[in-house]
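Take a look at it first, and then we'll go through it together.

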Amino acid sequence: MHVRKCNECGQPLPENFEPPAVEPWTTGIFGCAEDTESCWTGLFCPCVLFGRNIESLRDDTPWTTPCICHAICVEGGVALAVATAFVHGIEPKTTFLIYEGLLFAWWMCGIYTGLSRQSLQKKYHLKNSPCDPCMVHCCMHWCALCQEHREMKGRLSDDFVMPMTVVNPPPVQEMTANNENQDSSPPPSGTSTNLEMQAL
């Protein structure tokens, strides 16, 4: 007998299990103007926006750790290339160092931040849009960071306005004696008393 298993955890799945549908992103990759706060943060401090995205995605990770990693790997490579060009000038001997710094930043940007985008897509069952997560970050890094922030912000705010089921308690019941003589006298023989017990 063939048993279907989950691709993520390997647990057996019921026969009638249907995987969740792949959903589109709520905003497009070029929808940066829809949220000006994330747009400005992503433009001037992409490491901070990346850290906030990771913090929203994983509860156990503070935003500072991924922010520092992003600053060292991505902004560090760009800063290395700019510093090399500034100190040594752009000449044939230093262009190799400049390209090496930029290539390092581009490669780290695609791998490191693309993996976080992939985690976001798995969590919310989002499709690859417009292409593979690593390629999105390699080609449109700032736009991708802003799109991920808008997606999580919209989904987290949706959780707060979800309709809730309100359960009203039953009305208060009081026990009253209709006839006090019946309560104090034992029941006549041949009749049974129905007692009902409820757990508190």
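**Where two helices cross**

Let's start with helix 2 (residues 46-57) and helix 3 (residues 64-88), whose axes come within 8 Å and cross at roughly 140°. Helices here are DSSP runs of H or I with at least four residues, numbered from the N terminus. The axes are lines fitted to C-alpha atoms over the stretch in contact, with angles running from 0 to 180 degrees between N-to-C directions. The two helices are therefore oblique to each other, a label for whatever is left once angles under 35 degrees (roughly parallel), over 145 (roughly antiparallel) and 65 to 115 (roughly perpendicular) are taken out.

Who does the touching? On the helix 2 side, the residues include Phe 50 and Ile 54, and on the helix 3 side His 70 and Glu 75 are among them; contact means heavy atoms within 4.5 Å.

A quick word on the ground rules: this is a predicted model, where local features need pLDDT of at least 70 and side-chain atom pairs count only at 80 or more, while totals for chains, interfaces and linings use all residues. Residues are numbered from 1 along each chain as its sequence is written, and side-chain values use heavy atoms, leaving out hydrogens and water.

Now move along to helix 4 (residues 92-124), where you'll find Gln 121. Gln 121 counts as buried because its relative accessibility is 5%, and buried means under 20% relative accessible area (1.4 Å probe, protein chains only). Gln 121 touches Trp 25 and Pro 133, among others, leaving aside residues up to four places away in sequence.

Finally, the span of residues 96-115 is 100% helix and 0% strand, with its end C-alpha atoms 28 Å apart.

Terms used. Buried < 20%, exposed > 50% of the residue type's maximum accessible area, 1.4 Å probe, protein only.
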